[in-house]
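Thanks for coming. I'll walk through one model, from its sheet to its salt bridges. Please keep the viewer open.

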Amino acid sequence: MGWNTLDDMDLDGKRVLTRVDINVPMENGQVTDATRIERIAATVQSILDKGGKPILLAHFGRPKGERRTDMSLQPLIPALEATLGVEVVFAADCIGPAAAAVIDGLGPNQVALLENTRFHKGEEKNDPELVAAMAALGDVFCSDAFSAAHRAHASTTGLAHALPACAGRLMQAELETLNSALGAPLRPLLAVVGGAKVSTKLDLLGNLVEKVDVLVIGGGMANTFLAAKGVDVGKSLAEHDMAPTAREIMARAETAGCRILLPVDVVIAREFKEGAANEVVAVDACPPDAMILDAGPQSVEAITDAIDEARTLIWNGPLGAFEIAPFDAATNAAARHAAERTGLGKLVSVAGGGDTVAALNKAGAASDFSYVSTAGGAFLEWMEGKVLPGVAALDVAGNEHHDEEE
């Protein structure tokens, strides 16, 4: 699959509809984490440098086709202006005369921000009429929201077929990194998959055992696999009804030559709270009234050894109950070790998913990973081997935009 980048497009004097993800956390009308805004800066600057007019299209929250003041994009303007270093002009709709007037009035070093695309019911249905109304406002479509690429919406997929399309800088970086990590990785390839439930990551595990050399399973998911092997996990979070599935995944891994690493020792406690009394026991020595809340030091050593041997690492999900100490120890140690190996140039490390980003930030390791994706669902679906509609729509070979009316 090939796609155009901003470098392939003539943008001089062109209106560039730019789909971004600025669905950022807000409190009392203020942006509390501007990471997603910071990540679109390179794309906006590239468009301006090439003489184009950046017109930002984005969603915010889940208004379900209703116009809701608490989900307007207008309060994001101060954070956008501070990060982008340009004036941002707001349009109260993402289609129609109001939006067209704002775009027509754009001067040099100004950016247009159009109102929440999800205020229109047709957005999530990829409605052709809405696509046409949006497309009328632009000459080129720039897709820079990988995190929304798993949705076939009007502003993510429809526009890519309606206008000459390209990937923005963030989308370009994401696609290049992900393709090299799972498409043609340096081997050995190691995956770390954690989190609470096997049931939510079945497709992911099924895909990975066919592709990776070593698979580390942590968190509540590990308890399910341990239970499937006949280990008594006490009161631990585990999906006992998923035992046959877990055994099937282990059998597939063996056939594929993928080594699965499960904990050999665990940190247990009788209550789930900060600083709870805890101890390290062998994996098969969890008392009936205790819970496994983290991997133990021997397990961490096995994981760091696997990281030392790996050339590429893909990470999704924590190894324990990372939100509270001391059950964040395994996640922190493994994350910092991966960051250190990356810094030495020995490892390509790619991570993604909401909990993963939070865990790596908490460990102070995120900035040293090769790439940390802010995409949640899209990153997971990519790891599952699924085709993302918003990416497929950019495929140069399959993307014939309609020029009959031009």
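**Salt bridges first, then the sheet**

At 32% relative accessibility, Arg252 counts as partly exposed. The scale is this: buried is under 20% relative accessible area, exposed is over 50%, and partly exposed lies in between, with a 1.4 Å probe and protein chains only.

Some ground rules. This is a predicted model: local features need pLDDT of at least 70, side-chain atom pairs count only at pLDDT 80 or more, and totals for chains, interfaces and linings use all residues. Residues are numbered from 1 along each chain as its sequence is written, and side-chain values use heavy atoms, with hydrogens and water left out.

Back to Arg252. Its side chain meets that of Glu210 in a salt bridge, at 3.2 Å, N to O. Glu210 sits in helix H9 and Arg252 in helix H11 (residues 243-256), so the pair ties together parts that are 42 residues apart in sequence. By salt bridge I mean a side-chain nitrogen of Lys or Arg within 4 Å of a carboxyl oxygen of Asp or Glu. Helices are DSSP runs of H or I with at least four residues, strands are E runs of at least two, and both are numbered from the N terminus.

How many salt bridges does the structure hold? There are 18. Asp289 and Arg270 form one, at 3.3 Å, N to O. Asp289 is in the loop between strand S13 (278-282) and strand S14 (291-295), Arg270 in the loop between strand S12 (265-269) and S13, and they are 19 residues apart. Asp289 is partly exposed, at 37% relative accessible area. Arg270 is partly exposed too, at 45%. Next, Glu271 bridges to Lys273, with the closest N and O atoms 3.8 Å apart. Glu271 is partly exposed at 40%, and Lys273 is partly exposed at 43%. There is also a salt-bridge network linking Asp203, Glu384 and Lys386.

Now the sheet. It is open, has 6 strands and pairs in parallel, in the order S11-S10-S9-S15-S16-S17. Strands S11 (259-261) and S17 (371-373) are the edges, each pairing on one side only. Pairing requires at least two bridges found by DSSP between two strands. Neighbouring strands are turned by 15 degrees against each other on average, direction ignored. Angles here run from 0 to 180 degrees between N-to-C directions, and axes are lines fitted to C-alpha atoms, for helices over the stretch in contact. Take S15 (residues 312-316) and S16 (residues 348-352): they pair in the parallel sense over 4 bridges. Thr312 stands opposite Val348 in S16.

Which strands does helix H8 touch? H8 (residues 169-183) packs on the sheet against S9 (189-193), S15, S16 and S17, and its direction makes about 110 degrees with that of S17. Helix H9 (residues 202-211) packs there as well, touching S9, S10 (214-217) and S15, at about 160 degrees to S9. Contact means heavy atoms within 4.5 Å.

The axes of H13 (residues 329-343) and H14 (residues 354-363) come within 9 Å and cross at roughly 80 degrees. That makes H13 roughly perpendicular to H14, a label that covers 65 to 115 degrees; under 35 is roughly parallel, over 145 roughly antiparallel, and the rest oblique. Thr331, Asn332, Ala335 and Arg336 in H13 meet Ala359, Leu360, Lys362 and Ala363 in H14.
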